[in-house]
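Visitor: I would like to learn how to read salt bridges. Please show me the model and take me through it.

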Amino acid sequence: MKVPFIGLPLLVTLLLNLNVANAHGIAGKRYFPPTISVEDPYAAHEIHTVVGRVPLGGSNNSNVMSSNVMIGGGIEPIDGFGIAIDGLYRNPNVNLTPEANGFDNLYYTIKKELTINDEREFAFTVGVNGQVGGTGGPGVINSTTYAPTVFYAKGFGDLPNAMRLLKPMAVTGVLGYQMSTDQGQPTALNWGFTLQYSFLYLNEHVQPTGWGEPWNSLVAVVEFPLQTCMSGICNGQVTGSVNPGLVWVGPEFNLSAEAVFPVNNQSGRGVGMLFQIHKFFGK
């Protein structure tokens, strides 16, 4: 793996020397925490690490688990415009030929915020994400993928007071069409989303809970990172998982923990776990 070992330390060094004051993940009174698998619509100066074990997908890996380590980060060189890169190490890695332990191709995300509506707690962003061919371990695919994508987030704080206990709810999601520079690779529809319930929002903007910390700093999350194959022999096949978990929102960083339940046998078997530490540089 060449690019992450060079590019990620440079990105981290740049972030540590930034003096920024841009809020991240805010729309009105709502804070949308970054989740582990489904990208949020905000550009930011940030770094994160994800570790865990997840079921391997594919008919030949029905009972196999993979240990994963991801490190990545993003910068916001222009207000509302973000660039992020991630390096993901898998043990074992079925994306390598022959199968071995090693890195996926480098993941990238480029996005531009279009709308942040404070009154409606709504954010909408467009961008592109994918993988850079040839940047992973030995035997990795050399083609590059790219997926024009929309990213969105909506909080329900604008509901009437008669429905005040639903005000802490929120949804975020992505919808993108994935293609490859290799015309022989299948196309796919990426349609992940999250459901969230913020005890932070409940305590601060709806009614005091009386619970104290750390409970008032938690956001309950269920992620649905899903993909539908749109061509080739896998045409119509849905893969992905349902990931329930919690996010602790701290003053300097966030901590997340999620279980991973595959949606079908093609997505793997067994229950995985993922943990994330996420740090923003700014307010």
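**Reading the salt bridges**

Guide: Start with a network of salt bridges that links Glu-39, Asp-40 and Lys-111. This is a predicted model, where local features need pLDDT of at least 70, side-chain atom pairs count only at pLDDT 80 or more, and totals for chains, interfaces and linings use all residues. Residues are numbered from 1 along each chain as its sequence is written, and side-chain values use heavy atoms, leaving out hydrogens and water.

Visitor: What is a salt bridge?

Guide: A side-chain nitrogen of Lys or Arg lies within 4 Å of a carboxyl oxygen of Asp or Glu. The structure holds seven salt bridges.

Visitor: Which side chain does Glu-39 meet in a salt bridge?

Guide: Glu-39 meets Lys-111, at 2.6 Å from N to O. The two are 72 residues apart: Lys-111 is in strand E7 (residues 106–117), and Glu-39 is in the loop between strands E2 (30–31) and E3 (46–55). Strands (E) are DSSP runs of at least two residues, numbered from the N terminus.

Visitor: How far apart are the closest N and O atoms of Lys-111 and Asp-40?

Guide: They are 3.8 Å apart. Asp-40 also sits in the loop between E2 and E3, 71 residues from Lys-111.

Visitor: Is Lys-111 buried or exposed?

Guide: Lys-111 counts as buried, at 5% relative accessibility. Buried means under 20% relative accessible area, exposed over 50%, and partly exposed in between (1.4 Å probe, protein chains only). Asp-40 is buried at 7%, while Glu-39 is partly exposed at 26%.

Visitor: Which residue forms a salt bridge with Lys-279?

Guide: Glu-252 does, with the closest N and O atoms 3.2 Å apart. Lys-279 is in strand E17 (residues 272–280). Its relative accessible area is 24%, so Lys-279 is partly exposed.

Conventions. Helices (H or I, at least four residues) and strands (E, at least two) are DSSP runs, numbered from the N terminus.
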